[in-house]
Amino acid sequence: MDVPLISHGDQAIFPEFAASEIGDISIRSAKAGDVHGMSALINHYASSNVMLARGPQYLFQHLQDYIVATAKLKNDGSNKEYVVGCAALNVLWADLAEVRSLAVHPSCQHNGLGAKIVKQLIERCASLEIPRVFCFTLVDKFFAGCGFEPFSRELLPPIVWAECSKCPKFYHCDEISMIYEVLQK
Ligand SMILES: CC(C)(COP(=O)(O)OP(=O)(O)OC[C@H]1O[C@@H](n2cnc3c(N)ncnc32)[C@H](O)[C@@H]1OP(=O)(O)O)[C@@H](O)C(=O)NCCC(=O)NCCS
């Protein structure tokens, strides 16, 4: 049997393109082939400390949590699909899920894509019959626009702190906790 090898040739290069070059954008569940693009997008922002970095192992192991927004470039002969947005719904318990890794490519921002991605995650949460979803964020105005409200993180169950304790920001967290009551809306 062939032993699967890690390909050191795999690359997660952040794609540079202007808004005018981007074709129609669609949102779907993430696939294995999206991981390098997701990693490039997330780590583009993680490098300026606005979100947590995610490497390929984490993304493959949590692939089913993720949705991606993808687009082809106009006038691009290669027909390549680029990941221009992503986010994950991480189920923590029977009554609680978390939005993680939300990112929209800079050239696709302020067009409602971030809000559409969050709406799809909320719908996913509702279909799983999970009554509330929260996030830790620095963009509280964006999440407020999506219907989230600030709440005290002390109310979160210990399972959340287990995840928080893995975070490099654990001792000096500057993120705001926000919650959305899925089944009340
Ligand atoms: C936050 C982010 C996902 C928003 O994506 P987007 O596609 O631009 O969002 P939308 O167009 O749906 O925004 C809707 C509204 O939310 C607000 N908003 C959007 N981005 C915002 C930001 N960075 N800060 C504050 N408010 C913001 C605005 O009111 C916006 O309306 P406007 O474009 O008319 O001003 C995007 O800015 C991003 O990827 N940021 C870097 C990574 C990040 O911070 N992720 C969140 C981790 S929790």
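Helices (H or I, at least four residues) and strands (E, at least two) are DSSP runs, numbered from the N terminus. Keep that in mind as we go. Residues are numbered from 1 along each chain as its sequence is written. The model is predicted: local features need pLDDT of at least 70, side-chain atom pairs count only at pLDDT 80 or more, and totals for chains, interfaces and linings use all residues.

Start with H3. This helix has 15 residues. From first C-alpha to last, H3 reaches 21 Å, close to the 21 Å expected at 1.5 Å a residue. The expected span is 1.5 Å times one less than the number of residues.

Which residues of H3 are buried? They are Gly 114, Ile 117, Val 118, Leu 121, Ile 122 and Cys 125. Seen down the axis of H3, the buried residues fall within an arc of 140°, so they line one face of the helix. The arc is that of the directions from the helix axis to the C-beta atoms. The face turned away from the buried side carries Glu 123 and Ser 127, both exposed. Buried means 20 or more other C-beta atoms within 10 Å of the residue's own; exposed means 12 or fewer; partly exposed is in between; C-beta atoms are placed from the backbone.

Now the loop between H3 and S5. Glu 129 lies there. Its phi is positive, about 60°, although Glu 129 is not a glycine. Glu 129 is exposed, with 10 other C-beta atoms within 10 Å. A second case is Asn 75, in the loop between S2 and S3. Phi of Asn 75 is near 55°. Asn 75 is exposed too, with 7 other C-beta atoms within 10 Å. For background, most residues other than glycine have a negative phi.

On to the core. The largest nonpolar core has 38 residues. By nonpolar core I mean buried Ala, Val, Leu, Ile, Met, Phe, Trp, Tyr and Cys residues joined through C-beta atoms within 7 Å. Met 38, Cys 86, Ala 87, Val 99, Leu 121 and Val 133 touch the most other members. S3 gives the largest share, seven residues.

Last, the ligand. How many residues are around the ligand? There are 20, and Gln 109, His 110, Gly 114, Ala 115 and Phe 142 come nearest. A residue counts as near if its C-beta atom, placed from the backbone, lies within 6 Å. S4, H3 (113–127), S5 (132–137) and H4 (140–145) each give two or more residues to this shell.
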